[in-house]
Amino acid sequence: MKFLHTADWHIGKELGGFSLLSEQQTAYEQIRDIALSEGVDGVVIAGDLYDRGIAPTAAVNSLEGMLKDLNINHHLPIYAVSGNHDGATRLGAGREWRQQNELYLNTTLADAFTPIETADTQIFLLPFIEPAMARVYYQIPESQARQYQTINQVMPQIIADMVAKFDPQKNHLLVTHYYVTGSKNQDYELTSETNSQVGGLRSLDDMMFKDFDYVALGHLHLKQASPSETVRYSGSPIKFNTKEAQTQKGVYVVEINEHVVTTVWHPLMPKKDLILLSESFDTLIDPDFYGQYERSHKNYFSIKIQGLANATNARATLAKIYGDVVEVQYDLPTLVADKQGIPEITADEDGADDKLIAAFYKYVTGTDLDDNQQRLVDDTLSDLYQQEEE
């Protein structure tokens, strides 16, 4: 079997308040074209098709259009599972009639044990589930519930029940959506989607899945997070945050032939890239500096200002120059241990608020408020006092 492995589309996600639907559509079209040019037998989507449980109408229309194009217009089977960001019940609506057209989108544990049979492969679709769902499915009595509290406790039983359905004459593919660790990603610095307990769940060991020929994972957004050669993350098709900004996005085309697996990486070209800038404010507004970047809404920019910004509204100034600025951060001078602290100012002292703000500003920046900044503080405090009196 030859298939395309993708995941974590997160249709409807925004970046710094900007809709990514247009970028997601461009990525989808590239995925479709790769699938067609490679002549794959199907497309695997390993969870998180949407970005939230109740997706906005525009996101629903966008994803439905993509699935229709792949499955109906181009007659490609789809093998997908729900992820932790998806609303499983809503995503699973219409499952029966979709399967008649080879669009398999599994959102329940019960259906994970019935493989989809092709001529040479059994495909198991295991959606993201909470341990409580497994306790209900297996009818675990209350007296034994403590033995089935974590995903690590319930997954061995789930895997064993799938393996029991193996046809030894066929290849075995698992599509699922979890945080899995192995020898290749134990020390890898993972994306912001992950931490020591991704999605509230501890990691699963990749050796749990050793009986499968290939495990198509979703959940982590970078292919570098793959735990082994046959247990892989495809990553997300576009960049969703600054930690992913300097990485390459793409999809895998995977072929399983008599239990031998080959994978080929196909990069995707972003419609609008995410560019990280970290400079002084004076450098950022220098035409010689910003002239080297494509701006005017052709890229997204995440900007970190080194030091102070000599501007009333730094973000507005930068947005006027760069276009789509998704975030502005400040890297202020590091406070040294021997720097004088904020002087003690009592609340009933005359002008206490004004003095406290000025003292804090100097403590952080090492400089005094200038005349314009002082006027801004005075005007703001006056407005606040007036609102209190009213």
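Predicted model: local features only at pLDDT ≥ 70, side-chain atom pairs only at ≥ 80, totals over all residues.
**Overall make-up**

The protein chain has 390 residues, and 46% of them count as buried. Its secondary structure consists of eleven helices and 18 strands. Among contacts with a separation of 6 or more, 70% are made by residues 24 or more positions apart. The accessible surface of the chain comes to about 19,700 Å². Carbon and sulfur atoms account for 47% of that surface.

**The six-stranded sheet**

Six strands form an open sheet in the order S6-S5-S4-S1-S14-S15, and their pairing is mixed. At its edges are strand S6 (103–106) and strand S15 (260–267), each of which pairs on one side only. Neighbouring strands of this sheet are turned against each other by 20 degrees on average, with direction ignored.

In general, the strands of a sheet pair through backbone hydrogen bonds, in a parallel or an antiparallel manner. Here, S5 and S6 run parallel and are joined by four bridges.

Helix H1 (residues 21–38) lies across strand S1 (2–6), S4, strand S14 (250–257) and S15. The direction of H1 is at about 165 degrees to S1. Helix H2 lies across S4, S5 and S6, and runs at about 145 degrees to S5.

The buried residues of H2 are Ala59, Ser62, Leu63, Met66, Leu67, Asp69, Leu70 and Asn71. Their cover includes H1, S4, S5, helix H4 (95–99) and S6.

| Residue | Relative accessible area | Class |
|---|---|---|
| Asp48 | 0% | buried |
| His75 | 64% | exposed |
| Ser82 | 1% | buried |

Asp48 lies in the loop between strand S4 (42–46) and helix H2 (57–73). Although Asp48 is not a glycine, its phi is positive, at about 55 degrees. Is Asp48 buried or exposed? With a relative accessible area of 0%, Asp48 falls under the 20% limit and is therefore buried.

His75 is found in the loop between H2 and strand S5 (78–81). This residue comes just after H2 and also takes a positive phi, of about 55 degrees. His75, too, is a residue other than glycine. Its relative accessibility of 64% is over the 50% limit, so His75 counts as exposed.

Ser82 lies in the loop between S5 and helix H3 (88–91). At 1% relative accessibility, Ser82 counts as buried. Which residues does Ser82 touch, not counting those up to four places away in sequence? They are Gly47, Asp48, Ala88, Leu91, Leu105, Asn106, Thr107, Pro127, Phe128 and His177. The list includes Asp48, itself a buried residue of the loop between S4 and H2.

How values were computed
Residues numbered from 1 in each chain as written. Heavy atoms only, no water. Helix = DSSP H or I, 4+ residues; strand = E, 2+ residues; numbered from the N terminus. Buried < 20%, exposed > 50% of the residue type's maximum accessible area, 1.4 Å probe, protein only. Contact = heavy atoms within 4.5 Å. Areas by Shrake-Rupley, 256 points an atom, 1.4 Å probe, with all protein chains shown as cover. Pairing = 2+ DSSP bridges. Axes fitted to C-alpha atoms, helices over the stretch in contact; angles between N-to-C directions.
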